[in-house]
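Colleague: Hi! Could you walk me through this one in plain words?
Modeller: Happy to, here it is.

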Amino acid sequence: MYEGRYSMNRPDKESESKPQLKLEFKIGEKDFSVAGDAASKVKKTLQQLGLKPEAVRNIAIIVYEAVMNVIIHANYGQLKVIIVPDKVVVLTEDTGMGIPDIELAMKEGYSTAPLEIREMGFGAGMGLPNIKQCSHKLNIKSQVGVGTVLEAIVYLSSKN
Amino acid sequence: MKLKDIIKVLDAEVLCGEHLLEREVETGFGCDLMSEMLAFANSHTLLITSLTNEHVIHTAEIMDAVGVVFVGGKRPAKEIIRKAELNNIPLLSTPFLMFKCCGLLFVNGLKGCMRDATQ
């Protein structure tokens, strides 16, 4: 599928010696443009790697929503997109207020985002449900007053 | 329905992407919530919105939208139009408000996006 196109790869100590590509973005407070820019860059990279359009779109949506969440709710954070042959992992880690009730936050329509975010077209309680819908596996760890780690995994079968 | 037909129906002004007006439009999706577009819009859809910020352009890009219509005569800032241009996303501006814009497109044969196959 996209084997043999690893010219952009670099070895990574964290990996299980699999060839991989890692994209990283810093996310600053109220840095709203980084979400769309990151989603756009990730989409273009995945397209270049030859992933199927559905997987590309799902991963781009996860990135967009996950980064928006960090911008809206945290002080700062980072995004990592790790691409290995059989899956793509989207990881956001932030320092911020954390999520007191993850189950509630997963509910479509539940939101704590301020009005200015809603005026921008986000913050309507769709972010986490969207991420869940687009990923095969979703893990969220959060500590109130400390921060949140979100890990979404999209598996790449021969179909996508 | 092609983008050039939509321009006629909506009495729309082309803000960018004049060379892309032969594009076929299969469905339309009208809303001011980007998350909703990311959740429910099909690909190759026409996005109809009254928001003019950069998130509209990025959302259109992620969803492979055929173009964006701004209702109520709205126009985004120059740098946002430039961003759309770079991403090959045609931008149109119609004087009609959201309801009338969607209504006109619907009676002229444009279908809505489907949330699932049963709709």
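**Salt bridges and packing**

Modeller: A search of the whole structure turns up nine salt bridges over all chains, a salt bridge being a side-chain nitrogen of Lys or Arg within 4 Å of a carboxyl oxygen of Asp or Glu.

Colleague: And what sort of model is it?
Modeller: This is a predicted model, where local features need pLDDT of at least 70, side-chain atom pairs count only at pLDDT 80 or more, and totals for chains, interfaces and linings use all residues. Residues are numbered from 1 along each chain as its sequence is written, chains are lettered from A and ligands numbered from 1 in the order in which they are written, and side-chain values use heavy atoms, with hydrogens and water left out.

Colleague: Which residue does A:Asp37 meet in a salt bridge?
Modeller: Its partner is B:Lys83, at 3.4 Å from N to O. This pair crosses between chains, from helix H1 (residues 33-48) of chain A to helix H4 (residues 78-86) of chain B. Helices (H or I, at least four residues) and strands (E, at least two) are DSSP runs, numbered from the N terminus.

Colleague: Why does A:Asp37 count as partly exposed?
Modeller: Because its relative accessibility is 25%. Buried means under 20% relative accessible area, exposed over 50%, and partly exposed in between (1.4 Å probe, protein chains only). B:Lys83 is partly exposed too, with 22%.

Colleague: How far apart in the chain are B:Glu22 and B:Lys2?
Modeller: The side chains of B:Glu22 and B:Lys2 form a salt bridge at 3.1 Å, N to O. They are 20 residues apart, with B:Glu22 in the loop between strand S1 (13-16) and strand S2 (27-30) of chain B, and B:Lys2 in the segment before helix H1 (3-10) of chain B.

Colleague: What about B:Glu85 and B:Arg82?
Modeller: Their side chains meet in a salt bridge too, at 3.2 Å from N to O. Being three residues apart in helix H4 of chain B, they are separated by about one helical turn. Salt bridges that share partners also join A:Asp37, B:Glu54 and B:Lys83 into one network.

Colleague: Switching topic: at what angle do H3(B) and H4(B) cross?
Modeller: The axes of H3(B) (residues 54-62) and H4(B) cross at roughly 10° and come within 9 Å. Axes are lines fitted to C-alpha atoms, for helices over the stretch in contact, and angles run from 0 to 180 degrees between N-to-C directions. The two helices are therefore roughly parallel to each other; angles under 35 degrees count as roughly parallel, over 145 as roughly antiparallel, 65 to 115 as roughly perpendicular and the rest as oblique.

Colleague: Which residues meet there?
Modeller: B:Glu54, B:Ile57 and B:His58 in H3(B) meet B:Ile80, B:Lys83 and B:Ala84 in H4(B), contact meaning heavy atoms within 4.5 Å.

Colleague: And the core: which residues touch the most other members?
Modeller: In the largest nonpolar core, which has 74 residues, they are A:Ile59, A:Val63, A:Leu79 and B:Leu91. Helix H2 (residues 53-73) of chain A gives the most to this core, with 14 residues. A nonpolar core is a set of buried Ala, Val, Leu, Ile, Met, Phe, Trp, Tyr and Cys residues joined through side-chain atoms within 4.5 Å.

Colleague: How many helices and strands does chain A have?
Modeller: Five helices and five strands. Buried residues make up 51% of the 160 residues in chain A.
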